[in-house]
Amino acid sequence: MFNDNFLHGKNVYFCPKNDVTEELSKIFVSTGGIFLGFIDKYKKDVDVINDPSLDEASDIVVIYSPMYWREIVDSISISSVYFWVYSGDKGRLVQKDEFSGYQYIMSDAYNNMRAQKDFWESHLREYIVRNNDINCYGHTWGDPDKSNDRLGDYLKIRRILQDKINSHSCVLDLGALGGKWTKYMLAASSIICVDINEYFSSIIKNRYPEFVHKLQFYISTGNELAGILSGSVDFLFCMDTLVRVEKENIISYLQEIHRVLSPTGQAIIHLPNSDMKVCLDMKFTQLTTNEIIDNMDEIFGRDKYSLDSETIIHGTIIYI
């Protein structure tokens, strides 16, 4: 893991201090490496250095921060920067000049529930620890107030969502995470927030305390909605959630969505589409337009849905 010759005799910092870098530092020290501490502007532990004087000749900084790596790089004054990245269960060091971002190095090994559960729970916890504004969480992958977001017309999606909800609606938010879209469902009579990690419910409760009486929470195992009654949901919303889910689990979710929707129920569902360049570039789950149509025809019936591959650039939206 740390047998690379370029690390021998160097002073190594890890940045920032989190569960991954703490474990890496212990492994590094066990191999005889010279570990000087964690660079972190937000934490104040004894092994944290807020503003180090870095030596270009002998110091190396190893970064693991999927969310803040750009800001960290901008704040470090030496060129000897490496990123710790994962490929499946294995990690490796990548030089700064070869690193283009965590979203682009993700391989098919990340397109599974276990990897996504670990990644997003860590992502959300790191965001909260840094005392960031939870009202902005998730906007980097789509701002519901923008029609010209880099990923597409998220304002259009938000408006369709809000038009579908009234004071009698039971709404299901599939992939609620930090509650970005839950915000636009609060006019409903009840909201079922579903996610695969156990941390999200406390975040959403704290974010919308005056609406807790409307909120229900269900932790899915990654392919089911077994805790939701059949025919009980008036509207289901799922955006930016299923793009790295195994294909068979996407199909299982579609079957479950059909089951929980009422006879007049409607839905907005975002799926990866490997016929679209951005989905290929991002290495999303391989699912073609024809596969989407075949499964939707079989589960819902051809006249029950429509496809939209224009509103966003990173997948197809299904309207039921």
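Which backbone nitrogen does a side-chain oxygen of Asp-153 reach at the start of helix 5? Select Asp-153 together with the residues that follow, bearing in mind that this is a predicted model: the side-chain oxygen comes to within 3.4 Å of the backbone nitrogen of Leu-155.

Next, select helix 5 itself, which spans residues 154-163, and colour its buried residues, namely Tyr-154, Leu-155, Ile-157, Arg-158 and Leu-161. These residues lie on the same side of helix 5, because the arc that they cover around the axis is only 160 degrees. An α-helix has 3.6 residues a turn, so residues three or four places apart point the same way.

Now zoom out and show the protein chain as a cartoon, in which nine helices and 13 strands can be traced. The chain is as compact as a globular protein of its length, because its radius of gyration of 22 Å is close to the 20 Å that the globule rule gives for 320 residues. Along the principal axes, the C-alpha atoms fill a box of roughly 70 × 45 × 35 Å.

Finally, colour the chain by burial, where buried residues make up 53% of the 320 residues, and then switch to a surface view, for which the accessible surface comes to about 15300 Å², with 48% of it belonging to carbon and sulfur atoms.

Methods:
Residues are numbered from 1 along each chain as its sequence is written. This is a predicted model: local features need pLDDT of at least 70, side-chain atom pairs count only at pLDDT 80 or more; totals for chains, interfaces and linings use all residues. Side-chain values use heavy atoms; hydrogens and water are left out. Buried means under 20% relative accessible area, exposed over 50%, partly exposed in between (1.4 Å probe, protein chains only). Helices (H or I, at least four residues) and strands (E, at least two) are DSSP runs, numbered from the N terminus. The arc is that of the directions from the helix axis to the C-beta atoms. A polar contact is a pair of N or O atoms within 3.5 Å; within protein, one must be able to donate a hydrogen and the other to accept it, and residues adjacent in sequence count only if both atoms are side-chain atoms. The radius of gyration is taken over C-alpha atoms; the globule rule is 2.2 Å times the number of residues to the power 0.38. Accessible areas come from the Shrake-Rupley method with a 1.4 Å probe; for residues, only the protein chains shown count as cover.
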